[in-house]
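Dear colleague,

Please find below the structure that I am handing over to you, together with its sequence.

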Amino acid sequence: MATALITGASRGLGEEFAWQLATARHDVVLVARNRDRLSELADTIRGAAGVQAEILVADLSTEEGRAAVAERIGDEASPVSLLINNAGYGLGRGMLSTTWEEERAALDVLVTATLQLSQAAAKSMTSRGHGAILNVSSVAAHLSNSTYAAHKRWVRDFTEALAGQLHGTGVSATALVPGLVRTEFHDGPDLEYMKSEYPDIAWLSSEKVVEAALAGVRRKAIVVTPSARYAAGVGLLRMLPGAATRRSGSLRRN
């Protein structure tokens, strides 16, 4: 039975990935910082889906946390066939209102962990001749208004470059580029305003986003935008001048 490792698995898209993969009879390795939530989710998955659900408590903003996950990915005794780099969060504030420690932690979770874990997976998977890496980017990658947008643009560009390097190896790399998704991502005090600022039609369900992402992995797509509306919006953003995307969706706090 194939094994999928999911970072940020205790809630939101990560939890939905875990459920859909377990329902499809994949064993799962659940990675997050909250041991209690991971344990509860793993127990429920084992009971409901009848698959193996392993937990790995790790903080991806630390070298120790990233190393622990990379080591698990490289464990040939229990190989990982699908890596989902999903962990991430938005600060919701501009650089003039954040600390260096906050910015560095976000960079390490969104960028450093994605790079380090993707490399570990690519090396392990290519040695076996099969596997897939799914990196969660964002439609924010097409904006130029925050460090979060810059990080997500890097995730998309990196994944496209990785896909090129993996060509012909039997291993694929896919970037998921969702828009606004109804998850706990926007529950924090600095992002909660977005729930009322955007109309219902702008929001996607986690179920549909994950379905589209996994379908993209199966067909070895390099970039997946799980909504016709957002795909059209991305096309429009690409045609706008840089000044417009720097202003677009500007943060309330600078």
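This is a predicted model: local features need pLDDT of at least 70, side-chain atom pairs count only at pLDDT 80 or more; totals for chains, interfaces and linings use all residues.

The mean pLDDT of the chain is 85, and 79% of the residues reach at least 70. Two stretches call for caution. Residues 190–196 have a pLDDT under 50, and the model gives them 18 contacts beyond four places in sequence. For residues 248–254 the pLDDT is likewise below 50, with 21 contacts in the model beyond near neighbours in sequence.

The largest nonpolar core has 32 residues, and those touching the most other members are Ile6, Phe17, Leu21, Leu30, Ile45, Leu82 and Leu176. At least two residues of this core come from each of strand E1 (3–7), helix H1 (12–23), strand E2 (27–32), helix H2 (35–49), strand E4 (82–85), strand E5 (131–136) and helix H7 (206–218). In soluble globular proteins, nonpolar side chains tend to be buried together.

Leu176 deserves a look of its own. Residues up to four places away in sequence aside, Leu176 touches Phe17, Leu134, Asn135, Val136, Ser137, Ser138, Val209, Ala213, Val224 and Pro226.

Thr3 and Ser81 may be inspected together. Thr3 belongs to strand E1, whereas Ser81 sits in the loop between helix H3 (63–73) and E4. Thr3 has a relative accessible area of 8% and is therefore buried. Ser81, at 17% relative accessibility, also counts as buried, because the cut-off is under 20%. Beyond four places in sequence, Thr3 is in contact with Asp27, Val29, Arg72, Pro79, Val80, Ser81 and Leu82. With the same exclusion, the contacts of Ser81 are Ala2, Thr3, Met125, Arg128, Gly131 and Ala132.

Finally, how do H3 and helix H4 (residues 100–128) cross? Their axes come within 9 Å, at an angle of roughly 20°. H3 is therefore roughly parallel to H4, as the angle falls under 35 degrees. The crossing of H3 past H4 is right-handed. On the H3 side, the residues that meet H4 are Arg66, Ala67, Val69, Ala70 and Ile73. Their partners in H4 are Asp108, Thr112, Ala113, Gln116, Leu117, Ala120, Ala121 and Ser124.

Yours sincerely

Definitions and conventions
Residues are numbered from 1 along each chain as its sequence is written. Side-chain values use heavy atoms; hydrogens and water are left out. A nonpolar core is a set of buried Ala, Val, Leu, Ile, Met, Phe, Trp, Tyr and Cys residues joined through side-chain atoms within 4.5 Å. Buried means under 20% relative accessible area, exposed over 50%, partly exposed in between (1.4 Å probe, protein chains only). Helices (H or I, at least four residues) and strands (E, at least two) are DSSP runs, numbered from the N terminus. Contact means heavy atoms within 4.5 Å. pLDDT is the predictor's confidence in each residue, from 0 to 100. Axes are lines fitted to C-alpha atoms, for helices over the stretch in contact, and angles run from 0 to 180 degrees between N-to-C directions. Angles under 35 degrees count as roughly parallel, over 145 as roughly antiparallel, 65 to 115 as roughly perpendicular and the rest as oblique. A crossing is left-handed if the near helix is turned anticlockwise from the far one by less than a right angle, and right-handed if clockwise.
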